Amino acid sequence: MVPSHRAMLTRVCGGLGCALIFAALIGPLPGVRMPAVASDGTVTVFLRVEAPVDRDTFSQTGDYVCVWAGEVTVPREVTITARSGRQYRLFVEDGRYKSTRLDTLEVEDLGPADDALGATSVLAALDAASDLGGFSYQVTDMYYPGQGFFVTSIDGVAATGAVGWSYRVWNEELAASPQVSVERFLLGYDSGGVALPHNQVLFYWGYSSRCLPLRVTPRESSVQCGLPASLMVEAFVDAAGGGAWSPVQGASVCVGNECRVSDADGLVELGFAAAGTFRVDARAGFDGDSYYVPADGLSAVTVVAPCAVVSFRVEYPGNTGIDFGSVIPGASCVPALGQTVDRGAVRVVVEEETTVNCVLELKAAGALAGDDAEMPFSGITWGLCADPTGAVPMTSTYAEIGPSDAGEETSYDVWHWLSVPAGQPLGVYDGAISYHVRVEET
Amino acid sequence: MRLLHRGRVGCCQAVFTVLVFCSAVGPALPVAADEMRYSLGTVQIVPELSVSPGSCSVTTLLLYNIDGNVPTQVELSVLEVPAGWEIRLEHDGVYSSRGSTLSLRVAPSLPSSTPPESVESGRETVWIEPRGYVCADAVHVYVQAPATAAPGAEYAVAIGAEVEWNVTGAAVSPLQAREFLYGVHVSGANAAGTPAAGAPGTRVHVPLLLAGAACLLGAACLRERVV
């Protein structure tokens, strides 16, 4: 009898939000690094299942897809149906961890255990996860007789030959690869060879020790607003005595659609332009030697100080500013010096680093004055094209030039013309135009 | 511009020299003679502040000029403040007095891909994505709530920036204006150490002095976290 837990296929890992950059407190996602044993004795763990995108091409690409990831409360006992159809009850009784084969009631003593914690094996966690995630799995009780259960398939992806399913148990330091079968490693126990807390269980398909799990670690606990977040990409390399995390060059680190490639030191810098918590993923393809299990967005950058960056530039062609030169009273629609069909008298530019939507406006700052005379500023008209027929008079209140979107460079050319009443006294007239950047309400 | 008799030829020639460098971030910009670029970038660190009655909160505005080739003269003033509140602006140790503006000159500078090893007094390094590390003038905004401020109340504070460039010979000078709006939340507790009452004649002055000290402490803390 083949156990079937398939109800739906839920992929919750690597669900990265979209966003860009600025001040941040950084840390893992809630729940990822929680203690494995709660005060009431309940063992919880973050469990991930990573399968090949395409089993036929995996040996060349090393591409993984996340079948499921999530927090699992590990049951204190579990009944398992092996691929052979035989069922086993795994439980703790009188301080002993036991396995009872239900058809024969044969009991195997698997060693000492804690009645309060129960039979919180990696297999029990996988079984609970399959219920939560709606994916199937299979185990065999006959692969190595007497050596326990062996996972032969998850989510329909079966082991073939030397390529199959492996698991790792993570704590704060290691992503260890226990050398015991899945029902023999008890989560939340300090006796399994992997120090507590057991934060994560990773099931992955591939070539066992040649498949290295990736992790992304923020280097700073906080980042000043505006500074990039620096993150370290590492892979866990097994070695005698446990192994260690080693920097990975060339890994792609992404927040949403924004990605950077790690350097020789495994470092990347990412920036953010909006508030919120953003998951950070890291993945790398087969490099000819190793395969890399993605990090799956288990680290996060929390942007806590939404910086409003506004950068605005005014350009004048030539070096005269806005100037109409010498104008004869009665003249109409005299263009500003320097403006052409292609270029206005003024170019206003909102730079790309601006992080908020804005509206550009302009107004006359007072009247044109000079030589004891004044001329109304409405004699100056403005427009956004070289044709003066559509131009409008300058006003003393702000008029909208146009909008600018956050993250994009936006520029407007503004053309100006001057009309002077026939009776206007001669003289030199000066004035000022004020350009206003109004931040749009969010 | 000039208004002339018909047939008279006028000439208006602007002459300017750009003194541009921020030694902290890069070499001097070349003098641009063909096109004037007036630029101001601003970073408002936070849009919201929290302050308890009788205490002071501080935040920072950063001003930079990486796209201009003309120094930018900025006049900062308080546009909106709740009655009884005190807002003060400070740049490089210079404080604005009540009702006055704070003036500063933001020199053009170049962004850099690496952080500067040192930063001039009154400036901070900020990462401006995607431009790079930018040397910015830092203006600290001190918001002093009165002891009578109602906990839980929300207020608005607005700082205005009038930007001016000295354009020799220009008939119409460019100005720029923008505002920085803050929502200020009055938190629950009174400021520690703020006396509820004092001897006659000190009732006003003592809390203000303590508040001033708190602000200075805030400024000191702020400086410590500057990169």
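Biologist: What does the accessible surface of chain B come to?

Modeller: This is a predicted model, to begin with. The accessible surface of chain B comes to about 10,300 Å², and carbon and sulfur atoms account for 57% of that.

Biologist: And how many residues of chain B are buried, as a percentage?

Modeller: Of the 227 residues in chain B, 51% are buried.

Biologist: What helices and strands are there in chain B?

Modeller: Chain B has 12 strands and one helix. In sequence order the pattern is β-β-β-β-β-β-β-β-β-β-β-β-α. Looking at contacts in chain B with a separation of 6 or more, 72% are between residues 24 or more positions apart.

Biologist: Switching to cysteines. How many disulfides over all chains?

Modeller: The count is one disulfide. C254(A) is joined to C259(A), with S to S at 2.0 Å.

Biologist: Which hand does the link have?

Modeller: The link of C254(A) and C259(A) is right-handed, with 110 degrees about the S-S bond.

Biologist: Are those two cysteines buried or exposed?

Modeller: C254(A) is buried, at a relative accessible area of 13%. C259(A) is partly exposed, at 35% relative accessibility.

Biologist: What about C211(A) and C135(B)?

Modeller: C211(A) is buried with a relative accessible area of 0%, and C135(B) is buried with a relative accessible area of 0% too.

Biologist: Now aromatics. How many pairs over all chains?

Modeller: The search gives 14 aromatic pairs. One of them is F58(A) with Y291(A), where the ring centres are 5.0 Å apart and the planes at 15 degrees, so the pair counts as stacked.

Biologist: Where do F58(A) and Y291(A) lie?

Modeller: F58(A) is in helix 1 (residues 58-61) of chain A and Y291(A) is in strand 22 (residues 291-293) of chain A, so the pair ties together parts 233 residues apart in sequence. Both F58(A) and Y291(A) are buried.

Biologist: Which pair crosses between chains?

Modeller: Y316(A) and Y38(B): the ring centres are 5.4 Å apart and the planes at 75 degrees, so this pair is edge-to-face. Y316(A) sits in strand 24 (residues 308-317) of chain A, and Y38(B) in strand 2 (residues 35-44) of chain B. Both Y316(A) and Y38(B) are buried.

Biologist: Back to chain A. Which residues do ring pairs link into a cluster?

Modeller: The cluster is F58(A), Y64(A), W205(A), Y207(A), F286(A) and Y291(A).

Biologist: Which charged end sits over the ring of Y207(A)?

Modeller: That of R210(A), 5.6 Å from the ring centre. The charged end of R89(A) sits over the ring of F91(A), 3.9 Å from its centre.

Definitions and conventions. Residues numbered from 1 in each chain as written. Chains lettered and ligands numbered in written order. Predicted model: local features only at pLDDT ≥ 70, side-chain atom pairs only at ≥ 80, totals over all residues. Heavy atoms only, no water. Disulfide = S-S within 2.5 Å. Buried < 20%, exposed > 50% of the residue type's maximum accessible area, 1.4 Å probe, protein only. Helix = DSSP H or I, 4+ residues; strand = E, 2+ residues; numbered from the N terminus. Contact = heavy atoms within 4.5 Å. Areas by Shrake-Rupley, 256 points an atom, 1.4 Å probe, with all protein chains shown as cover. Phe/Tyr/Trp six-rings, centres within 6.5 Å; stacked < 30°, edge-to-face > 60°. Lys NZ or Arg CZ within 6 Å of the ring centre and 35° of its normal.
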